[in-house]
Amino acid sequence: MILPIFKYHPDPIATGAIEQTEENCECCGKSAGFRATSTIFSVHDIQTICPWCIADSSAAEKFSGSFSDSHLLLSDGIDKEIVREVCERTPSFISWQQERWLSHCNDACEFHGGAKRSDLEGLQNKSLDQFLADEYMTAESWSIILQSYNNSGDTVIYKFKCRVCGEYKFYADFS
């Protein structure tokens with residue numbers, strides 16, 4: 001079965017946002033073989049939503065919810081239709097704290113999961129300075145984090161890619 005294409009989350013199986021299941025989707029009632037691992041923000045207690053009900057926004061509509069917080073994208077001035085695409089038609093991800101969907105070049109970025117150490121070691125100059133400023137980190141604290149970093153520990157750095165210029169953007173999440 002071919003999964004829907006999510007332009008802001010190009011490989012949701014690799015990032016762990018979609019997993020296999022035999023459970024029925026609580027939106028369409030079908031067992032499609034896959035479900036989102038993150039939940040929908042809604043007043044309803046929903047556990048299983050298939051990727052197709054996310055992609056066509058039927059889950060967001062039926063449960064009056066969203067999969068990601070729109071605040072950061074809206075405060076960055078991202079077009080409301082792009083924000084709806086990310087928040088209502090794109091599977092989110094599980095984070096230690098509240099997830100943040102990054103943007104760049106007036107568009108939402110693609111989510112690529114937890115960064116690898118090699119991704120982070122490549123951060124230099126303006127990119128590193130901007131990351132440290134955005135995350136309120138010192139170069140000394142960054143050095144300590146980087147020494148023991150793995151993308152499944154108590155500190156996870158999420159990796160995003162700008163769809164316009166190709167630049168990678170990161171943010172840190174701590175348990």
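Lys161 stands opposite Tyr168 in strand E7, and Tyr171 of E7 is the bridge partner of Tyr158. Helices (H or I, at least four residues) and strands (E, at least two) are DSSP runs, numbered from the N terminus. The model is predicted: local features need pLDDT of at least 70 and side-chain atom pairs count only at pLDDT 80 or more, whereas totals for chains, interfaces and linings use all residues. Residues are numbered from 1 along each chain as its sequence is written, and side-chain values use heavy atoms, with hydrogens and water left out.

Strand E6 (residues 155-161) pairs with E7 in the antiparallel sense over seven bridges; two strands pair if DSSP finds at least two bridges between them. Strands of a sheet pair through backbone hydrogen bonds, either parallel or antiparallel. In the hairpin of E6 and E7, six residues lie between the strands, and Gly166 takes a positive phi near 85 degrees.

Three strands, in the order E5-E6-E7, form an open sheet with antiparallel pairing. Its edge strands are E5 (110-114) and E7 (168-174), each of which pairs on one side only. From one strand to the next, the twist averages 25 degrees; axes are lines fitted to C-alpha atoms, for helices over the stretch in contact, and angles run from 0 to 180 degrees between N-to-C directions. Strand E7 is largely enclosed by the rest of the structure, because five of its seven residues are buried. Buried means under 20% relative accessible area, exposed over 50%, and partly exposed in between (1.4 Å probe, protein chains only).

Helix H6 (residues 125-134) has Leu128, Phe131 and Leu132 as its buried residues. Seen down the axis of H6, these residues fall within an arc of 95 degrees, so they line one face of the helix; the arc is that of the directions from the helix axis to the C-beta atoms. They pack against helix H7 (139-147), E6 and E7, where contact means heavy atoms within 4.5 Å. On the other side of H6, Lys126 and Asp129 are exposed. Just after H6, Tyr136 takes a positive phi of about 55 degrees.

How many disulfides does the structure hold? It holds zero, a disulfide being a pair of cysteine sulfur atoms within 2.5 Å. The closest cysteine sulfur to that of Cys109 is in Cys162, and at 5.2 Å it is too far for a bond. Cys162 is likewise in no disulfide, the nearest cysteine sulfur being that of Cys165, 3.7 Å away. Cys109 counts as buried at 0% relative accessibility, and Cys162 counts as buried at 2%.
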